[in-house]
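Hello,

Here is the structure I promised to hand over. Please open it first, then read my notes below.

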Amino acid sequence: MAIRETWLQWRVRLLGNGLTQKYVGDEPPLRAELFSAVQMEQHGKSLATSHQLTPRHGPDQLLVRLNENERTLIDVCALLVAAVTATRRIAPAGEWLLDNFYLIEEQIRTAKRHLPKGYSRELPRLLNGPSAGLPRVYDLALEIIAHGDGRVDPENLSRFVAAYQTVTPLKLGELWAIPIMLRLALIENLRRVAARIAARRTDQNLADGWADQMMAMTESDPKNLILVIADMARSNPPMSSAFVAEMARRLQGQSSALALPLTWIEQRLAESGLTIEQSVQAENQQQAADQVSISNSIGSLRFLGAIDWREFVETMSVVEHILRDDPVGVYGGMDFATRDRYRHVVEKVAKNSRLSEGEVARHALDLAREGAAKHDDGERAAHVGFYLIDRGLVLLERRAKACLCTLESLQRWGRHFPLSLYLGAIALLTALFTGSLLTKAQADGVPGGWLPFLVILALLGTSHLAVALVNWLATLLAT
């Protein structure tokens, strides 16, 4: 903790107190009307109706935003540490941020580990709206955080996602992405609240500076206090609630001479129809709201690690519900790893076809029912797994009109005829390399009598090279 605070203090001295100016006016916190579980269901359906997807793959914005959020949070914490070092009073939300900064750093590292470059590009993206160009599932996470004021409730989450899928089913990859998207949304919310804390801290620092000057002048030379007030008036300080509340806290109840700057502030506020009391009350309410958002967001970050996401995904997965109707009833009794393997095959076939994952799963189920009716290959043909990881996969791909890429076709052919492919590739490469060497030798004028010896030498050398290349390619194809 001491090392972290020392580093943050050094960062403040390096960047100066103006390091948060670029964050002033940043996006508002993710704070919308609080919804109950029933209201979240309704909201999920309305969102599914309004969401439109784009077929294009845009740049990965989430990782860039995560790095920006990390820098902002570090800067804000550095500013708060400087305030604590200077024995300044900081808001409760700022205390929460400092006390749990180690957790926020850990969550950011976790997010980076689970969000490799290009990860979000594979997810369906929104065409329009505030989250245009971002993954659809990230927008869902933002909505969950906004309507819970940073609090992730498992019941609200489940009912929200289930209601959304009654209109538009989510892909399996999107369901698995929900934990990381919630983590990103919570870090985003922390950044937004932290930026507001920093903006208010900047105004409070300004108020403290003027208050210190006025109090020092009152003690040393009260007659010249008017000069300090005039300097403050010429600087045109912001009449924000943070500035006014801090000035009132520092000057009220002091000497009668310090009533003059408060009178000037009162007159400035009157131009906008406000009073010092109203500004102080607004600042207290803002601090209380920020404290709730910060505490909820930090609590939710801890809570994410306690959720059994495997159970969540299986409960929410449309593919899972379809495959559980396996005619022979075997699928439901399998372990998680096997069921997950089946679901990923459905996902892969859907990517190579124009069908949704749910439609591919239904085709697999239909084929299993047809196999049960025909009694082909015994009970194996009546099991959905026969059409996902066994010989029936070809039938499923044919029915789904899936187009396999060249590499995948080569991998599959190699699994059926491994020895022929291996030896054939070595022979082909050896012949190509040997032929090119002999052609070069003839072009350089080597006598014909030497060619048989050159053929033997070339075969020995090129065969070793061909074996090495084929082994390397076989490793790539197997992974």
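Where is the place of E277? E277 sits in helix α12. Keep in mind that the model is predicted. E277 is exposed, with a relative accessible area of 52%. The cut-off for exposed is over 50%, so E277 qualifies. Its C-alpha atom is separated by 9.0 Å from that of A248. Along the chain, E277 and A248 are 29 residues apart.

Now the overall picture. The protein has 479 residues, and 45% of them count as buried. Its secondary structure comprises 20 helices and two strands. Take the contacts in the protein with a separation of 6 or more: residues 24 or more positions apart account for 76% of them.

Next, two residues to look up.

Is N189 buried or exposed? N189 is buried, with a relative accessible area of 0%. Its place is in helix α8. Leaving aside residues up to four places away in sequence, N189 touches P29, L30, I145, G150, S293 and S297.

L62 lies in helix α3. At 5% relative accessibility, L62 counts as buried, because the cut-off for buried is under 20%. Which residues does L62 touch, not counting those up to four places away in sequence? They are L115, S120, L134, P135, Y138, M181 and L184. The C-alpha atoms of L62 and R121 are separated by 9.7 Å.

On to helix α4, which spans residues 92–99. Its buried residues are A93, G94, L97 and L98. Seen down the axis of α4, these residues fall within an arc of 135°, so they line one face of the helix. What covers them? The cover of the buried residues of α4 includes α3 (61–85), α5 (101–114), α8 (172–220) and α12 (276–304). L62 belongs to α3, N189 to α8 and E277 to α12.

From α7, the contact uses L157, S158, V161, A162 and Q165. From α13, it uses W309, F312 and M316. By class, the contact of α7 with α13 has six nonpolar residues, two polar and no charged ones.

The second pair is α2 (residues 37–50) with α6 (residues 136–146). Here the angle is about 150°, and the axes are 12 Å apart. That makes α2 roughly antiparallel to α6, because the cut-off is over 145 degrees. α2 passes α6 in a right-handed crossing. On the α2 side, M40, H43 and L47 make the contact. On the α6 side, D139, L140, E143 and I144 do. How do the residues of the contact of α2 with α6 divide by class? There are four nonpolar, one polar and two charged.

Best wishes

Technical notes:
Residues numbered from 1 in each chain as written. Predicted model: local features only at pLDDT ≥ 70, side-chain atom pairs only at ≥ 80, totals over all residues. Heavy atoms only, no water. Buried < 20%, exposed > 50% of the residue type's maximum accessible area, 1.4 Å probe, protein only. Helix = DSSP H or I, 4+ residues; strand = E, 2+ residues; numbered from the N terminus. Arc of directions from axis to C-beta. Contact = heavy atoms within 4.5 Å. Nonpolar A, V, L, I, M, F, W, Y, C, P; charged D, E, K, R; others polar. Axes fitted to C-alpha atoms, helices over the stretch in contact; angles between N-to-C directions. Parallel < 35°, antiparallel > 145°, perpendicular 65-115°, else oblique. Left-handed = near helix turned anticlockwise from the far one by under 90°.
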